[in-house]
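Please look over the model below before reading on. The notes that accompany it are arranged by topic, from the overall make-up of one chain to individual residues.

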2 protein chains.
Amino acid sequence: MRWPLTRVGKAHRAPSVGFMQPWNFLVVGSPADKPRVHDVFRTAEAEGLSPDDRRALYSRMKPQEILELPINQCITCDRSRSGPVVLGRTHMLSMGLYSSVCAVQNLWLAARAEGLGVGWVSIFEQQALQDALGIPHDIVPIACLCVGWVSHFNNRPELETCGWLPRLPLAELLHYEQWGSTMRTSPDEALTAAACAQRPRTTAFHRRPGSTCPPA
Amino acid sequence: MRWPLTRVGKAHRAPSVGFMQPWNFLVVGSPADKPRVHDVFRTAEAEGLSPDDRRALYSRMKPQEILELPINQCITCDRSRSGPVVLGRTHMLSMGLYSSVCAVQNLWLAARAEGLGVGWVSIFEQQALQDALGIPHDIVPIACLCVGWVSHFNNRPELETCGWLPRLPLAELLHYEQWGSTMRTSPDEALTAAACAQRPRTTAFHRRPGSTCPPA
């Protein structure tokens, strides 16, 4: 059985702007190497957290899994991958970075589907992390993921249950047609109607089971 | 049946740094509003593509789905969401943007699981898109997704099959312990050994079916 290469392979199947596949996967798993990552985290943690009323809360819940969990999976972005012209990146230069994040989320979901826990540690000073892992300074570390088996999964995010922040109501995050506007008619009905107005693009068009379109 | 709110709900369940949930979801579905998005795309497209030998290739394959498909789903990032102190963003200021990309990828996979096609259009000038949709200039448009039923799904990305770029071999993207190093022993064996050295963290620890660890 292959582990974690099957999982990394799923990350490699993520969509990327202009098919540039800007990611690399740096796996840190040895007891000799994980402390270097942990040291960078510890330094940033000590520097970065300003004293405020949430410090006590943070100290109760912060995960220390860089050392405990078997795998640190660093996913990076090489912004020069595939040359200077990248289809779809001309106007949005961040699209390379965003593509690597799609790989992160694919890896996360693939791991979760196998019963593995994933934590994204972002308390790092970029250059210190690059130096600790030998990553060239023009390669952007996107995510350091701690991966391992866990005793259980929470039904809700830890930061929600501990009172750090509430889950925002979805309705407050939705806009229709223009920023700030809500539909007077039921959005579901209107959008279903819009979707059903879509014409099949080929004669081989198939409606899927569970389609919300009424039969033609 | 609810559409697309169930799907947007899955995007809203994405992980976010410090649980800041920085996203908004702007759904553009009416025939009156989609042309505004299309105009912004057309302007950027005309300005951005420099003449080169790939232009002919691009012109053959580019999707014009902003008008054809029923839904344009714009996902944004409010970098000030949840206040100035965001747990895990102090050292990596892009983590808010990255969180919104996790929502994009969740939406994409959720749509795909329902048999819907998704295309991420990134040929936009940011301010023109903000103005077309009334998005405040401090809100970052992350993705404009064209969503709709499609005749079929390709087994490989279109940019691969048309010869734009090849799929990179996964082995060339992998590093172990340090950037640039490959393992001499089988990485699968070594990493499985590292994972199996992980001790259960609670007495309720469960091994999952399919675990690569041998029985204790």
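The structure is a predicted model, and the values given here are computed from it. Chain A contains 8 helices and 5 strands, and read from the N terminus its elements follow the order α-β-α-α-α-β-α-β-α-β-α-β-α.

**Chain A as a whole**

- Of the 216 residues in chain A, 55% are buried, while the chain exposes about 9900 Å², with carbon and sulfur atoms supplying 55% of that area.
- When contacts in chain A between residues at least 6 apart in sequence are considered, 72% of them join residues at least 24 apart.

- Five strands form an open sheet with mixed pairing, in the order 3(A)-4(A)-2(A)-1(A)-5(B).
- Its edge strands, each of which pairs on one side only, are strand 3 (116-121) of chain A and strand 5 (174-176) of chain B.
- On average, and with direction ignored, neighbouring strands of this sheet are turned by 25° against each other.
- Strand 3 of chain A pairs with strand 4 (residues 139-149) of chain A in the antiparallel sense, over 6 bridges, and Val118(A) has Val147(A) in strand 4 of chain A as its bridge partner.
- Helix 6 (residues 126-133) of chain A packs on the sheet and touches strand 1 and strand 4 of chain A, its direction making about 70° with that of strand 4 of chain A.
- Helix 1 (residues 5-12) of chain A lies across strand 1, strand 2 (71-78) and strand 3 of chain A, together with strand 5 of chain B, and runs at about 155° to strand 1 of chain A.

**The largest nonpolar core**

- In soluble globular proteins, nonpolar side chains tend to be buried together.
- The largest nonpolar core here has 72 residues, and the members that touch the most others are Tyr98(A), Trp120(A), Ile142(A), Tyr98(B), Trp120(B) and Ile142(B).
- Leaving aside residues up to four places away in sequence, Ile142(A) touches residues of both chains, including Ile75(A), Cys77(A), Leu97(A), Val101(A), Val104(A) and Trp120(A) from chain A, and Met92(B) and Tyr98(B) from chain B.

**A buried serine in a loop of chain A**

- Ser30(A) lies in the loop between strand 1 (23-28) and helix 2 (34-48) of chain A, and its side chain makes a polar contact of 2.6 Å with the side chain of Asp33(A).
- Ser30(A) counts as buried because its relative accessibility is 18%, and the cut-off for buried is under 20%.

- Strand 2 (residues 71-78) of chain B is mostly covered, with 8 of its 8 residues buried.
- Strand 1 (residues 23-28) of chain B pairs with strand 2 of chain B in the antiparallel sense over 6 bridges, with Trp23(B) standing opposite Cys77(B).
- Strand 2 of chain B is also joined by 8 bridges to strand 4 (residues 139-149) of chain B, the two running antiparallel, and here Gln73(B) stands opposite Leu145(B).
- Helix 1 (residues 5-12) of chain B is mostly covered as well, with 6 of its 8 residues buried, namely Leu5(B), Arg7(B), Val8(B), Gly9(B), Ala11(B) and His12(B).

Notes. Residues numbered from 1 in each chain as written. Chains lettered and ligands numbered in written order. Predicted model: local features only at pLDDT ≥ 70, side-chain atom pairs only at ≥ 80, totals over all residues. Heavy atoms only, no water. Buried < 20%, exposed > 50% of the residue type's maximum accessible area, 1.4 Å probe, protein only. Helix = DSSP H or I, 4+ residues; strand = E, 2+ residues; numbered from the N terminus. Pairing = 2+ DSSP bridges. Polar contact = N/O pair within 3.5 Å; in protein donor to acceptor, adjacent residues only side chain to side chain. Contact = heavy atoms within 4.5 Å. Areas by Shrake-Rupley, 256 points an atom, 1.4 Å probe, with all protein chains shown as cover. Axes fitted to C-alpha atoms, helices over the stretch in contact; angles between N-to-C directions. Core = buried A, V, L, I, M, F, W, Y, C linked by side-chain atoms within 4.5 Å.
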